Amino acid sequence: YSQHLGTREIWMDGKTKTFPIAEEAVDDVGTMLYHLRTGTWNPGDRRLLHVYESDSEKEALAECQARETRAFGIWPSQPLLRILVLPGKGTHHRGRLMFWMTDDARRLPLHAELDFRYGSFSIDLTKAANVSPATH
């Protein structure tokens, strides 16, 4: 796909489809995680996200549920933010994304748990450039 100011193009089956998008659009999980890592989060804070799926705009609601201290995988116990993302308006999907990121300027997403229509899985960050778990 390609995203231009105000539009998005998808190429499938030899055809190009173009449709309008919102100014603060989020297109995929990677982009969504980037946006969720920015700014200040405190327990109870919420953000509305615009997600594009199947040629239409949908919404998701992200909420900072807690500030907690715990370890994941190779990462030692440290202060983390727990963020929950749920589907919103425009989607019929039932699912969720819960992830924990460091509660510091790095905002490293150390662990995520996903439940969606195809199944459930978890993801752990195993390496970060110029950051070592032993230094924290």
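Where in the protein chain is the place of K127? Select K127 and you will find its place in the segment after β10 (119-124), where strands are DSSP runs of E of at least two residues and helices are runs of H or I of at least four, numbered from the N terminus. This is a predicted model, in which local features need pLDDT of at least 70 and side-chain atom pairs count only at pLDDT 80 or more, while totals for chains, interfaces and linings use all residues. Residues are numbered from 1 along each chain as its sequence is written, and side-chain values use heavy atoms, with hydrogens and water left out.

K127 is exposed, with a relative accessible area of 71%; exposed means over 50%, buried under 20%, and partly exposed in between, with a 1.4 Å probe and protein chains only.

Next select H111, which is found in strand β9 (residues 109-116) and is buried, with a relative accessible area of 7%. Show its side chain together with that of D124, since the two are joined by a polar contact of 2.5 Å (a pair of N or O atoms within 3.5 Å; within protein, one must be able to donate a hydrogen and the other to accept it, and residues adjacent in sequence count only if both atoms are side-chain atoms). Leaving aside residues up to four places away in sequence, H111 touches F72, M98, F99, W100, S122, I123 and D124, contact meaning heavy atoms within 4.5 Å.

Finally, select the whole protein chain, whose secondary structure comes to one helix and 10 strands, following the pattern β-β-β-β-α-β-β-β-β-β-β along the sequence.
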